[in-house]
Amino acid sequence: MIPASFAYHRPTSVAQAVALLNELGDDARALAGGHSLIPMMKLRLASPVHLVDLGSITALKGISADGGDLVIGAMTTQHEMIGSDLLAAKIPILRETSLVIADPQVRYVGTLGGNVANGDPGNDLPAVMMCLGATYHIAGKSGERRIAARDFYQGAFVTALKPGEVLTAVRIPVPAVGHGYAYEKLKRKVGDYATAAAAVVLTMNGGTVATCSIGLTNVAETPLWAEEAGRIVTGSTLDAATVKNAVAAAEAITSPAADAHGPAHYRTKMAGVMLARALAGAKARAR
Ligand SMILES: Cc1cc2nc3c(=O)[nH]c(=O)nc-3n(C[C@H](O)[C@H](O)[C@H](O)COP(=O)(O)OP(=O)(O)OC[C@H]3O[C@@H](n4cnc5c(N)ncnc54)[C@H](O)[C@@H]3O)c2cc1C
């Protein structure tokens, strides 16, 4: 399949990219790694007249520490996230999640920004960003604004990103030293999107859960933050009865579509299975 023709623009600064996107209007789209947008264009599900390639904007690349946060540039690739020692040491769930996105070819060019800005409920990083309490930095014609990942997703492929805006970075508070984490993803084969997946980040105090945050992937039109399920396990030893209650609370907020991944009821149940596994895995890793 061949996409419709388009004009190609390659700005070298965020200001230029924002100016171009605003000048070109609804006919223009930002291009990052192209591994969601180009397939959509080949299928003629998207036909932007102008592509504004963010690939030459060096300010959008890199991973750095800022106080108690890590800040990851939007054009940092999933491959670079996997290879980052800083990320592995401070927020290892991001490495674990990136490793189960697609395959190495996709991860070499697919970016963090594209993955979280895309709004596809099948993308793996958005639910993890909700779980971690991340904040998105967005540049527009009126300057920079910030929005919590938990407030960003509004529907399938619908986000709080306004026309003419560029996601520049994701800011993530570093979880406490010794925290436990796990991202459990059910997929039919290597390289597939999730049938269902669950992210857990928790801290333990003695044998008791002190804090717990949970995200769910691809079991609704948006990624989900399972706030009530996290509240249920907090203060518990993660005994079987509590895990069952938390799984029920998480399943209750899902509303998956029946599709090639399976019937809706199956995908909801698999979200529960992934959550139970992620809770056990996170507890085992917590110190
Ligand atoms: C075969 C295959 C399998 C895949 N499997 C998975 C999977 O299992 N899990 C998963 O999570 N993903 C998967 N993906 C998607 C992959 O991770 C993409 O790379 C990602 O979704 C989009 O990132 P990108 O950099 O390629 O963005 P692009 O495709 O360039 O852009 C995607 C969208 O985001 C917008 N955008 C991109 N960057 C910005 C920005 N900085 N500011 C504003 N808007 C922006 C674009 O305008 C576009 O609308 C798969 C892709 C393929 C081709």
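In the predicted model, Glu251 and Lys269 form a salt bridge in which the closest N and O atoms are 2.8 Å apart; a salt bridge is defined here as a side-chain nitrogen of Lys or Arg within 4 Å of a carboxyl oxygen of Asp or Glu. This pair links distant parts of the chain, with Glu251 in helix 11 and Lys269 in helix 12 (residues 264–285), 18 residues apart. Helices (H or I, at least four residues) and strands (E, at least two) are DSSP runs, numbered from the N terminus. Glu251 counts as buried at 14% relative accessibility, whereas Lys269, at 35%, counts as partly exposed. Buried denotes under 20% relative accessible area, exposed over 50%, and partly exposed the range in between (1.4 Å probe, protein chains only).

Residues are numbered from 1 along each chain as its sequence is written, and side-chain values use heavy atoms, with hydrogens and water left out. Because the model is predicted, local features need pLDDT of at least 70 and side-chain atom pairs count only at pLDDT 80 or more, while totals for chains, interfaces and linings use all residues.

By the salt-bridge rule, the count comes to 13. Side chains of opposite charge can pair when their charged atoms come close. One of these pairs is formed by Arg171 and Asp69, whose closest N and O atoms are 2.9 Å apart. Here too the pair links distant parts of the chain, as Arg171 belongs to strand 10 and Asp69 to strand 5 (residues 69–73), 102 residues apart. Arg171 is buried, with a relative accessible area of 15%, and Asp69 also counts as buried, at 19% relative accessibility. A further salt bridge joins Lys189 to Asp192, with 2.9 Å between the closest N and O atoms. In this pair Lys189 counts as exposed at 52% relative accessibility, but Asp192 is buried, with a relative accessible area of 14%.

The loop between strand 11 (180–186) and strand 12 (196–205) contains Gly191. This glycine is partly exposed, with a relative accessible area of 28%. Gly191 and Val106 are 85 residues apart in sequence, and their C-alpha atoms are 9.1 Å apart in space.

The largest pocket has a volume of about 1200 Å³. On a 1 Å grid over the protein atoms alone, a cavity is a set of points where a 1.4 Å probe fits but cannot get out, whereas a pocket is an open set with protein on both sides within 12 Å along at least five of seven lines; lining residues have an atom within 4 Å of a point. Grid points are joined across faces, edges and corners, and a volume is the space filled by probe spheres set on the points. The largest pocket is lined by 50 residues, and Arg29, Ala30, Gly114, Ala117 and Asn118 are those that lie nearest its centre. At least two lining residues come from each of strand 2 (28–31), helix 2 (37–42), helix 7 (112–117), strand 9 (158–159) and strand 10 (166–173). By residue type, the lining of the largest pocket divides into 23 nonpolar, 18 polar and nine charged residues. In this division Ala, Val, Leu, Ile, Met, Phe, Trp, Tyr, Cys and Pro count as nonpolar, Asp, Glu, Lys and Arg as charged, and the others, Gly among them, as polar.

Helix 8 (residues 125–132) is largely enclosed by the rest of the structure, because eight of its eight residues are buried. These buried residues are Leu125, Pro126, Ala127, Val128, Met129, Met130, Cys131 and Leu132. Gly133 follows helix 8 and has a positive phi, near 70 degrees.

Most residues other than glycine have a negative phi. Phe157, however, has a positive phi, near 60 degrees. Phe157 lies in the loop between strand 8 (153–155) and strand 9, where it is partly exposed, with a relative accessible area of 43%. Leu238 likewise has a positive phi near 60 degrees. The loop between helix 10 (227–233) and helix 11 (240–252) holds Leu238, and this residue is buried, with a relative accessible area of 11%.
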